Structure formats: C-alpha cells, structure tokens
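Here is my note on the model. Please read it with the structure open.

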Amino acid sequence: MTKNGTKDTICDKLEINKMQVSDLPEIMQIENLCFKTPWKLDYFETELSYSDSTCLTVRLDKKITGYIILRNFVDEIHIMNIAVHPTHQSQCIATKVLEYVFKNISKDMSMLLEVRLSNIAAQKLYKKMGFTNLYTRKAYYDDGEDAIVMVKGSNYFTKEGNKQ
C-alpha cells in the first residue's frame, strides 16, 4: 500500500537504469524469448559503446523485465530495440519506459521506430503513446516480413500526406 492508502501496482515498483555490460546475460534471455530474429550479443555490446546511444533496463524487484535501446541521429531519436519479458507483457512496463524516455530523453525531438507488420500488440501500444504510421519498409526483417515505420512528434509526412 502507498502512503495515501491506494494499492501499489507493478508500475509503481519499476526501476529504470542505465544498462551495464553485466546486464547482458539477462537481456539476451529476454531478447531470445521475444523475437523471431533476435539481436546477437555483439549488437548490444556495440550499442553500449556508442556515445549517441542510450541503453536502459527496466527492473522489477531487482530482476530485469525489459529494456530499450535508443540512438540519437542529429535531430531525432530512433528506438533501435525495446522488449519486455513475455511473463510481464501487458502490465504497463513498456508504457512506463516510453513515458520515461519522452520525459527525460527525447524532450521535443522526433522519435522513429520500425515494428513488424504482424506485431499488432506493439503497434497498438505505439499508437496509444502517440506514434503514427509513416510508411512500410518492404522485406525489412531477415525473414522477409515488412516493417511499419512509425513516428512521434515531427515534421514528417505520413503516407497519407498528413503532416505530423
């Protein structure tokens, strides 16, 4: 219970921290559970080494339950990778980490990401968080699946020609 008598939620207990090399074994477990074509360990190591990358973990009770990798490209931020352990999906974790990014990292910068055409749950989350579809990248993923490029807050034009 909180001080005002309301019940604590999982979201109240989350800790968002800078990712460390020592976090990579837990992150690789989540990565391999979440993706058809997971990143390799060296992709994470490379992102951790870039000065223009922000790599964050989300912990619940000291255990990593999710992560996000961002890269700054001049005047926009690209979400390179985001995942939540399958046993903790649909529990506000991705929403909270995105809210954290919007408040503390992206500020007024545009944000871009790619999401699998088949990943309807993620598309719904991103739309709820203010992202809109920009266009489709054909055969973007290694298995040939298309990606939807989504954007939040920008001077980009959507596929329909509407300005963001």
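Predicted model: local features only at pLDDT ≥ 70, side-chain atom pairs only at ≥ 80, totals over all residues.

Is Arg71 buried or exposed? The first point below takes this up.

1. Residues are numbered from 1 along each chain as its sequence is written, and side-chain values use heavy atoms, with hydrogens and water left out. Arg71 lies in strand 3. Arg71 counts as buried, at 15% relative accessibility. Buried means under 20% relative accessible area, exposed over 50%, and partly exposed in between (1.4 Å probe, protein chains only). Leaving out residues up to four places away in sequence, Arg71 touches Glu47, Tyr50, Asp52, Ser53, Glu76, Ile77, His78 and Met80. Contact here means heavy atoms within 4.5 Å.

2. **Overall layout.** The chain has four helices and seven strands. Helices (H or I, at least four residues) and strands (E, at least two) are DSSP runs, numbered from the N terminus. Their order from the N terminus is β-α-α-β-β-β-α-β-α-β-β. Of the 164 residues in the chain, 41% are buried. Take the contacts between residues at least 6 apart in sequence: 57% of them join residues at least 24 apart.

3. **Helix 1.** Which residues of helix 1 are buried? In this helix (residues 24-34), they are Leu24, Ile27, Met28, Ile30 and Glu31. Down the helix axis they fall within an arc of 165°, so they line one face of helix 1. The arc is taken over the directions from the helix axis to the C-beta atoms. Pro25, Gln29 and Leu33 are exposed, on the face turned away from the buried side. What does the buried side of helix 1 pack against? Its buried residues pack against helix 2 (41-49), strand 2 (53-60), strand 3 (63-73) and strand 4 (76-84).

4. **Val84.** This residue is found in strand 4. Val84 is buried, with a relative accessible area of 10%. Its contacts, leaving aside neighbours within four places in sequence, are Ile30, Cys34, Thr65, Gly66, Gln89, Ile93 and Ala94. Val84 and Ile27 are 57 residues apart in sequence and 9.6 Å apart in space, C-alpha to C-alpha.

5. **Helix 3 and helix 4.** The axes of helix 3 (residues 93-106) and helix 4 (residues 120-128) come within 11 Å and cross at roughly 40°. Axes are lines fitted to C-alpha atoms, for helices over the stretch in contact, and angles run from 0 to 180 degrees between N-to-C directions. The two helices are therefore oblique to each other. Angles under 35 degrees count as roughly parallel, over 145 as roughly antiparallel, 65 to 115 as roughly perpendicular and the rest as oblique. Ala94, Thr95 and Leu98 in helix 3 meet Leu125, Tyr126 and Lys128 in helix 4. The residues of this contact divide into four nonpolar, one polar and one charged.

6. **The loop between strand 2 and strand 3.** Please check the backbone here. Most residues other than glycine have a negative phi. Asp61 lies in this loop, and its phi is positive, near 55°. Lys62 is also placed in the loop, with a positive phi near 70°. Asp61 counts as exposed at 64% relative accessibility. Lys62 is exposed, with a relative accessible area of 69%.

Definitions and conventions: Nonpolar A, V, L, I, M, F, W, Y, C, P; charged D, E, K, R; others polar.
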